[in-house]
Amino acid sequence: MSVTIKRGKILVYRFYEIGSEVDLEVVTRLMQERQNTTRFRLDRPGKTSLVIATAPLTVHLGPTELSVRGQQLKAELDIRVWHFGGMSLSFHIPLPENCSWDELVATASWLERDQEIDLVARTKARDFQSEIKSAIPVTNDWATYEDYVVYYLQEVAGIEGGAGELFEKADVAALMMAETSEKLSEQVKKAVRDASYQYTRDDLAVIDWNSALVLEPSGSMDVPMVLEFANSQLLEMRYYDDLLDEKLDALYKSVAGKRPGILSNIYSNHAEEAGRIYLEIAEVVENVENSLKVVGDFYLATIFRVASQRFRFADWQKSINEKLGNLAEVSKLSHSRVAEARSHLLEIVIIILIAIEVVPFVLGLLKS
């Protein structure tokens, strides 16, 4: 018996950096008339080991017209706003009833190449950012974004022996790689299977760096929400890594430039600028990293840990920490140059004062 999806959808995500931070209470007030906002809540709080510092706010924008493989579909669109300055858009694209696995893979491949969703998402993001601009102290318009796809299946026929049978009866790797033309190697298929996790016999989560397969008969959205949170953190890390590159490059050029005059305060300015950037970015990065804490080894915590590994959180954190350390060194170097310049100035002043005292004395001796 072939695998058929009787009920499911594709969640297409786009993640943007919109500001230094977002006042979610202000956003709530701005959205009051719509009556379409909710706060993040896990469906199974007693079975999790995740601690969320500040729950994001979800704004339900309703149906949005999309063209998918030549067909006009209405996809539900949600915007989720995070207090640390991130915004995620999720398009819920319904799958046709009794969709075959081959059709699902073909749709995945089409979405991989499609650019329409990018354009729609960017337009929606800018419009919403403008609508809530009073809740954002400092707005950003960073061109880089993250994208992610979750194939969310709620009812699948042909795997009566449990969700694990999906690997024997369907080409899961082809779906995860959105590959329709190439025959994938056993090595790739094994890597995909090794990234699969189950809480019960009938559910399944397969996590990759750019997509995930979630089989959840209960209809719970906990796993997609955790993956969305991980992607939002990834975007913030990429943003601040890029910002540090920009700031460090500017500071390096300034510090390595022509040596200023002894009365110049350029080194003081460099030291203050480096120190300010260090404190600002270190505080925000710590805020992002502490937004969601894993305190155990239960299912959702495992999902978050695996996503963190797939998204290379450790590498991004290491890069940011190294650049923050470089900022501290620039600040220290600038401070030392300030001290050196002041020391030279003090020496000159002392010499002048000595001259003022000695010259009249010498002249007096010569006259006598």
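## Report on a predicted chain

Leu77 lies in strand S5. Helices (DSSP runs of H or I, at least four residues) and strands (runs of E, at least two) are numbered from the N terminus. This is a predicted model, in which local features need pLDDT of at least 70 and side-chain atom pairs count only at pLDDT 80 or more, while totals for chains, interfaces and linings use all residues. Residues are numbered from 1 along each chain as its sequence is written, and side-chain values use heavy atoms, with hydrogens and water left out.

Is Leu77 buried or exposed? Leu77 is buried, with a relative accessible area of 0%. Buried means under 20% relative accessible area, exposed means over 50%, and partly exposed is in between (1.4 Å probe, protein chains only). Contact means heavy atoms within 4.5 Å. Leaving aside neighbours within four places in sequence, Leu77 is in contact with Val59, His60, Leu61, Gly62, Thr64, Leu89, Ser90, Phe91 and Lys124. From C-alpha to C-alpha, Leu77 and Leu61 are 5.5 Å apart in space, although 16 residues separate them in sequence.

**The chain as a whole**

The chain has ten helices and twelve strands. Of its 368 residues, 47% are buried. Among contacts with a separation of 6 or more, 77% are between residues 24 or more positions apart. The accessible surface comes to about 19,000 Å², and 52% of it belongs to carbon and sulfur atoms. Accessible areas come from the Shrake-Rupley method with a 1.4 Å probe; for residues, only the protein chains shown count as cover.

**Nonpolar cores**

A nonpolar core is a set of buried Ala, Val, Leu, Ile, Met, Phe, Trp, Tyr and Cys residues joined through side-chain atoms within 4.5 Å. The largest one has 59 residues, of which Phe91, Ile93, Trp101, Leu104 and Leu213 touch the most other members. Helix H2 gives the most to this core, with six residues. A second, separate core has 43 residues, including Trp82, Val214, Tyr239 and Val285. Not counting residues up to four places away in sequence, Ile93 touches Lys9, Ile10, Val12, Leu66, Val68, Leu73, Ala75, Leu111 and Ile117.

Helix H3 (residues 116–131) has 16 residues and reaches 23 Å from its first C-alpha to its last, close to the 22 Å expected at 1.5 Å a residue. The expected span is 1.5 Å times one less than the number of residues. Its buried residues are Ile117, Asp118, Val120, Ala121, Arg122, Ala125, Phe128 and Gln129. Their cover includes strand S1 (4–17), S4, S5, S6 and helix H2 (101–113).

Ile136 is in the loop between H3 and strand S8 (146–157). At 4% relative accessibility, Ile136 counts as buried. Apart from residues up to four places away in sequence, Ile136 touches Ile18, Gly19, Ser20, Glu21, Val22 and Gln129.

**Salt bridges**

Side chains of opposite charge can pair when their charged atoms come close. A salt bridge is a side-chain nitrogen of Lys or Arg within 4 Å of a carboxyl oxygen of Asp or Glu. A search of the whole structure finds twelve.

| Pair | Closest N to O distance |
|---|---|
| Arg80 and Glu228 | 2.9 Å |
| Arg312 and Asp315 | 3.1 Å |

Arg80 in strand S5 and Glu228 in helix H7 (residues 222–255) are 148 residues apart, and the pair links distant parts of the chain. Arg80 is buried at a relative accessible area of 10%, and Glu228 is buried at 1%. By contrast, Glu168 is exposed at 54%, and Arg193 is partly exposed at 38%. Asp241, Asp245 and Lys323 are linked in a network of salt bridges.

**Backbone and surface**

Most residues other than glycine have a negative phi. Arg69 is found in the loop between strand S4 (57–68) and strand S5 (71–81). Asn98 also has a positive phi, near 60°, and its place is in the loop between strand S6 (86–94) and strand S7 (99–100).

A nonpolar patch on the surface, with about 840 Å² of accessible area together, includes Leu345, Ile350 and Ile356. Patches are made of residues with over 30% relative accessible area and no salt bridge, where like charges are joined within 9 Å and nonpolar side chains (Val, Leu, Ile, Met, Phe, Trp, Tyr) within 5 Å. Ile356 lies in helix H10 (residues 313–367) and is exposed, with a relative accessible area of 52%.
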